Amino acid sequence: MLVEVDDHVAGEVLGTIAPTRTFAGGFPRDDDRQAIEGRERGALAFLVVDDGVVVGTCGTHGPPSHEGAIELGWGLVVGARGRGVGSAAVSQLLADVTARCPAATVIAHTEWRVDEGTLVADSPASEAILRRLGFVADDVPTAPGERAWRLERPAAVPTS
């Protein structure tokens, strides 16, 4: 389940307001704090809640760019990984973002490294989530250690 971050929720996560939610061990991570603070730049931020416990954050890195692209990001505490929580959260996030910004190009980035001449994902689970949701990786890395993904949408059928 996702809970959109407003000023009150942000205060709970950042420690300026006493929390009314249960946080998993290890939450908030530095990345979670940065996601919450990104709201000042126009980013969307959501808490990822699993069985009543906040286990991470997801959202966008900012509003759509001048080119019309919007970038997704997410992260979970270690104990919440590998159980489908991230997949469900990113699926909900994608539905929300495409409803709010239907014309935007949706992108995501994953970290990678070259191991014995082979491109290896630092988070194969994150790349699997993106593939399941219809994202396709660019053939050429955008930067050292970074792989860009774009949501492939079916072409619009022309109406006569």
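This is a predicted model: local features need pLDDT of at least 70, side-chain atom pairs count only at pLDDT 80 or more; totals for chains, interfaces and linings use all residues.
**The strands around β3**

Five of its six residues are buried, so β3 is largely enclosed by the rest of the structure. Two strands pair with β3: β1, made of residues 2–4, and β4, made of residues 53–60. The pairings are set out here.

| Strand pair | Sense | Bridges | Residues standing opposite |
|---|---|---|---|
| β1 and β3 | antiparallel | three bridges | Leu2 and Val48 |
| β3 and β4 | antiparallel | six bridges | Val48 and Gly56 |

Val48 is a handy landmark when you look at the model: Val48 in β3 has Leu2 opposite, and Gly56 in β4 also stands opposite Val48.

Is Asp51 buried or exposed? With a relative accessibility of 75%, Asp51 counts as exposed, because the cut-off for that class is over 50%. The backbone of Asp51 deserves a look too: its phi is near 55°, a positive value in a residue other than glycine.

**A cis peptide bond**

Where does Pro28 lie? You will find Pro28 in the loop between β2 (22–23) and α2 (30–37). The peptide bond leading from Phe27 to Pro28 is cis, and its omega is near 0°.

Methods:
Residues are numbered from 1 along each chain as its sequence is written. Side-chain values use heavy atoms; hydrogens and water are left out. Buried means under 20% relative accessible area, exposed over 50%, partly exposed in between (1.4 Å probe, protein chains only). Helices (H or I, at least four residues) and strands (E, at least two) are DSSP runs, numbered from the N terminus. Two strands pair if DSSP finds at least two bridges between them.
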